[in-house]
Amino acid sequence: MLHVRIASPPGLTERLLETLTVDGVEDLVVLKARWPDGDVVQFDLPLKTANAVFQRLRDPRFAGLRSVMIEAVDASLTEPESARPAFRRDAQHGELAPVWEMVEAGIRAGAIYPPSFFVLLLIAALIACVGVLTNSQILIVGAMVVGPEYGAIIAVALGIERHRARPVRQGLTALLFGFLIAIAAAVIFGVAIRWSGHTPEAYQQGIRPVASLIDSPNLFSVIVAVLAAIVGVVSLTLSRASALIGVFISVTTIPAAAALGLALAYQTWARAGGAALQLLLNVGLLILVGAATLRVQRLIWHGPV
C-alpha cells in the first residue's frame with residue numbers, strides 16, 4: 001500500500017479529483033492549504049493500481065501540481081480491502097508489479113555524485129589494495145560493499161533504457177573520474193608500500209591468489225557479471241534489498257581498479273592489462289545487461305515504455 005500526498009493549486013483540484021475517481025484509489029481526502037493557496041489531496045493506493053494512477057498524473061494537464069509525494073506503508077493494524085485474496089489473484093505468482101515511478105525515483109536518488117561519492121571510491125580502493133597485498137578475501141568483500149559505484153552504473157542503465165542522454169553522460173563521467181581517482185590512489189599506495197619495504201613476503205614472491213582471481217578475467221567472470229546485473233535490477237524493481245547486497249559482493253569493479261593500480265606500482269604489466277580488462281568487462285556488462293533487464297521487466301509487467 002502507498003500513501004500519496006499532492007499539493008494542488010486551486011484551479012487544478014477539481015480536475016485532479018475527477019482523474020482520481022477510479023478503481024483502486026482509497027480514502028481520498030481533500031484538505032484546504034493555508035499557504036500557499038490551494039488544496040492538499042491525500043489518498044491510499046494499492047501497489048497493483050499504482051502504475052496506472054501515476055501514468056494519469058503524468059498527463060501534461062497536471063504539470064502545474066506543486067508536489068507529488070509518495071510514501072510506502074510498511075505496516076497496518078487493519079487489512080485494507082485491496083489486500084484481500086480476491087485482489088491478490090491479479091498478481092503474477094504472488095509477485096506484485098513494480099511501481100515504476102518509485103523504482104526510477106530510487107535510482108535517480110542514487111545518481112548524485114557529491115565529493116563523498118569519490119571519497120568512498122578512493123577509500124574502497126585502498127581497502128581493496130590491502131586485501132590484494134595480504135591475500136585477504138574478507139577485505140576484498142569489504143571494499144566491494146563500501147564502493148558506491150553501483151548507483152552510477154544502474155543510473156546509466158536506466159538512462160540507456162529510457163533513452164535519456166543526461167543521466168548516461170553524468171553517470172559515465174562520474175564512473176570515469178571515480179575509477180581514475182581510485183586507480184591513482186592505488187598506484188600511490190602501492191609505490192609507498194613498495195619503497196618503504198613493507199610489501200608482504202607472499203606477494204613479493206608472486207604468491208597472489210586474490211590478485212590472480214581478480215586480474216584473470218574468463219568465462220566465469222562474464223557469467224557472474226551477467227547474473228549480478230540481472231539480480232541487481234530485479235532486487236531494485238521488486239524491492240529485494242537482501243539480494244542487492246549480494247550484487248555488491250559479486251562484481252569485480254573496485255577490486256579490479258585496486259589490482260590495476262598495484263600492478264602499475266609494481267610494474268607487472270600483464271597483470272595490469274588483465275585487471276583493466278576485468279574492470280571494463282564488469283562495468284560494461286552491468287550497464288548493458290542492466291538496461292536489457294529493465295526493458296524485459298517493463299514488458300513482463302506492462303510498465304510504461
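Predicted model: local features only at pLDDT ≥ 70, side-chain atom pairs only at ≥ 80, totals over all residues.

Student: How many helices and strands does the protein have?

Tutor: The protein has 14 helices and four strands. Both are DSSP runs numbered from the N terminus, with at least four residues (H or I) for a helix and at least two (E) for a strand. Residues are numbered from 1 along each chain as its sequence is written, and side-chain values use heavy atoms, with hydrogens and water left out.

Student: Thanks! What box do the C-alpha atoms fill?

Tutor: Taken along the principal axes, the box is roughly 75 × 45 × 35 Å.

Student: And what share of the residues is buried?

Tutor: Of the 305 residues in the protein, 44% are buried. Buried means under 20% relative accessible area, exposed means over 50%, and partly exposed is in between (1.4 Å probe, protein chains only).

Student: Could we look at one residue? Where is Thr13, and is Thr13 buried or exposed?

Tutor: Thr13 is in helix H1, which covers residues 13–20. With a relative accessible area of 4%, Thr13 is buried.

Student: Which residues is Thr13 in contact with?

Tutor: Setting aside neighbours within four places in sequence, Thr13 is in contact with Ser8, Val30, Asp39 and Val41. Contact here means heavy atoms within 4.5 Å.

Student: Let's switch to charges. How many positive and negative side chains are there?

Tutor: There are 23 positive and 21 negative side chains, and the centres of the two sets lie 7 Å apart. Lys and Arg count as positive and Asp and Glu as negative, without His and the chain ends. The place of a charge is NZ of Lys, CZ of Arg, CG of Asp or CD of Glu.

Student: How many salt bridges does that give, by the rule used here?

Tutor: The count comes to ten salt bridges. The rule asks for a side-chain nitrogen of Lys or Arg within 4 Å of a carboxyl oxygen of Asp or Glu. In general, side chains of opposite charge can pair when their charged atoms come close.

Student: Which residue does Arg58 meet in a salt bridge?

Tutor: Arg58 meets Glu101, at 2.9 Å from N to O. Arg58 lies in the loop between helix H2 (47–57) and strand S4 (67–72) and Glu101 in helix H4 (residues 100–110), so the pair ties together parts that are 43 residues apart in sequence. Arg58 counts as exposed, at 52% relative accessibility.

Student: What about Glu161: which side chain meets it at 3.1 Å?

Tutor: That is Arg295, in a salt bridge of 3.1 Å, N to O. Glu161 lies in helix H7 (residues 149–161) and Arg295 in helix H14, so this pair links parts 134 residues apart in sequence. Glu161 is buried at 4%, whereas Arg295 is partly exposed at 25%.

Student: And how do Arg298 and Glu161 meet?

Tutor: Their side chains form a salt bridge too, at 2.8 Å from N to O. Arg298 is in helix H14 and Glu161 in helix H7, so the pair ties together parts that are 137 residues apart in sequence. Arg298 counts as buried, at 0% relative accessibility.

Student: Which residues are linked in a network of salt bridges?

Tutor: Glu104, Arg108, Glu161, Arg162, Arg164, Arg295 and Arg298 are linked in that network.

Student: Last one: where does Leu288 sit, and is Leu288 buried or exposed?

Tutor: Leu288 is in helix H14, residues 269–301. At 56% relative accessibility, Leu288 counts as exposed.
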